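Please walk through this structure with the reader, from how its copies are arranged to how they touch.

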2 protein chains.
Amino acid sequence: MEQRTRLNSDERRVAVRAAAIRVFAEKGFVAATTGDIARDAGVSQPYVIHLFGSKDALVADIVGYAIQRVVDAFVAAIDAHAPDELPAHIGAAYLGLFQEEEGLLLCLAHAFTAGADPTIGPLAREGFVRVYRTLVDQGRLSPEQAGQVLAAGMLSNVILGLQLPREYDDNQMVRDLLAAVYPGNVELFKNATAPRE
Amino acid sequence: MEQRTRLNSDERRVAVRAAAIRVFAEKGFVAATTGDIARDAGVSQPYVIHLFGSKDALVADIVGYAIQRVVDAFVAAIDAHAPDELPAHIGAAYLGLFQEEEGLLLCLAHAFTAGADPTIGPLAREGFVRVYRTLVDQGRLSPEQAGQVLAAGMLSNVILGLQLPREYDDNQMVRDLLAAVYPGNVELFKNATAPRE
DNA sequence: TTGACATGTTATCAATCAATCAATAATGTT
DNA sequence: AACATTATTGATTGATTGATAACATGTCAA
């Protein structure tokens, strides 16, 4: 009748990763403490360190994971849709990631501003180029199309990072901007970001 | 024959602000210490605190300053060019800010990922909307045009933050991406970011 | 059942950092 | 020249945080 009280280390690592994504997304890689992540994951702070070796290693793990998720989502979209509709579908796939795991894109956004960081910088550079390569090599997008897709994605990161959708009801400008940037998809964002906790 | 060894507090504040922009741009608002900024500015750490009251107040000052610079640059571009060529000229004005003060756009990028921060969040949200308003109200851009201009700007922030132009010579993909995103302006970026110090 | 191993915790430390305070040294004024 | 004012620093501190190590507890095979 007793439920298991312990997970094996791989399962626990997955849980801590999910917590780390939430916390890193909200506070950034530096301000987020291993204690914050531990509390979110329901384990002790030293165990977070134990599971990943160091905070830096955890950060690297998350950045790699986030980029891989983006690449996988893009490859799936490329395989599922006709070439002429690809840009729109890839954009939708990107936003789908936000729904699946809210913090993912914000972690990416944080990584993409950390080019000078010795741990994150190389990973982020390599990852960004890898995403671009995926669009051009696998998706057969022109460099211009790929650039537009990436630009739209980076704007999405900012809109989500600023929590602008929360002002949707109160601010005409925000409504116009979201309507212009996400034609037909505004509802997605209006409900996406949870009201303040 | 003696040179002045002291500046008045306003002059010193300007110098410290410039240092803060450099340091914040490189390390982010959290990882950058007041000691780092003090060293860059050539003053003591306590004096940085004294001049701005607190690190938080300094951060708020910088975010407000950066946004004001963007708005001013956009207004100048709007006043100087015909409506049909505005989007391109506004994009150029944005990149011009990078040349004038390298860290400005990176500080903005950091602020735009800090929506959950109680100090930065409100300032960044308000600032972003203010920039959008400037494009729509003063520049008479359509919401769609404004969204594209902002998207291109956010992509520029990421490209600069990742220091991708440094890989221009070594990486074909980077060359293609920069050529696609900045038609005719690639040279600007190739030389922009200083080689590693 | 017992022991061995993997999962976890508590206690603790060293380092870092923003902030305070008292003291000092330029500068300008009378 | 003396004085008031402003700029600036050195010394210090309390709080935070990543990491370590020693210890505890759950799980499972033999």
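The model is predicted: local features need pLDDT of at least 70 and side-chain atom pairs count only at pLDDT 80 or more, while totals for chains, interfaces and linings use all residues. Residues are numbered from 1 along each chain as its sequence is written, chains are lettered from A and ligands numbered from 1 in the order in which they are written, and side-chain values use heavy atoms, with hydrogens and water left out.

Next comes the contact between the chains, where contact means heavy atoms within 4.5 Å. Chain A brings 38 residues to it and chain B brings 38 residues. Because 100% of the interface residues of chain A are also interface residues in chain B, the copies meet through the same surface. The area buried between them is about 3400 Å², with 75% given by carbon and sulfur atoms; buried area is the accessible area (1.4 Å probe) that two parts lose on being put together, summed over both. In chain A, the residues that lose the most area to chain B are Arg125(A), Leu162(A) and Met173(A), together 20% of what that side buries.

Two salt bridges are counted between chain A and chain B, a salt bridge being a side-chain nitrogen of Lys or Arg within 4 Å of a carboxyl oxygen of Asp or Glu. Glu167(A) forms a salt bridge with Arg125(B), with the closest N and O atoms 3.6 Å apart. Among the helices of chain A that each supply at least two residues to the side touching chain B are H1 (9-31) and H7 (120-138). H8(A) gives the most to that side, with ten residues. Helices here are DSSP runs (H or I, at least four residues), numbered from the N terminus.

Over all chains, the whole structure holds 18 salt bridges. In one of them, Arg69(A) meets Glu100(A) at 2.7 Å, N to O. Arg69(A) lies in helix H4 (residues 55-80) and Glu100(A) in helix H5 (residues 86-100), so the pair ties together parts that are 31 residues apart in sequence.

Finally, an unreviewed UniProt entry annotates residues 10-70 of chain A as "domain: HTH tetR-type"; UniProt positions are given in the numbering used here, feature names are shortened, and annotations may be inferred rather than shown by experiment. Residues 10-70 of chain A are 89% helix and 0% strand.
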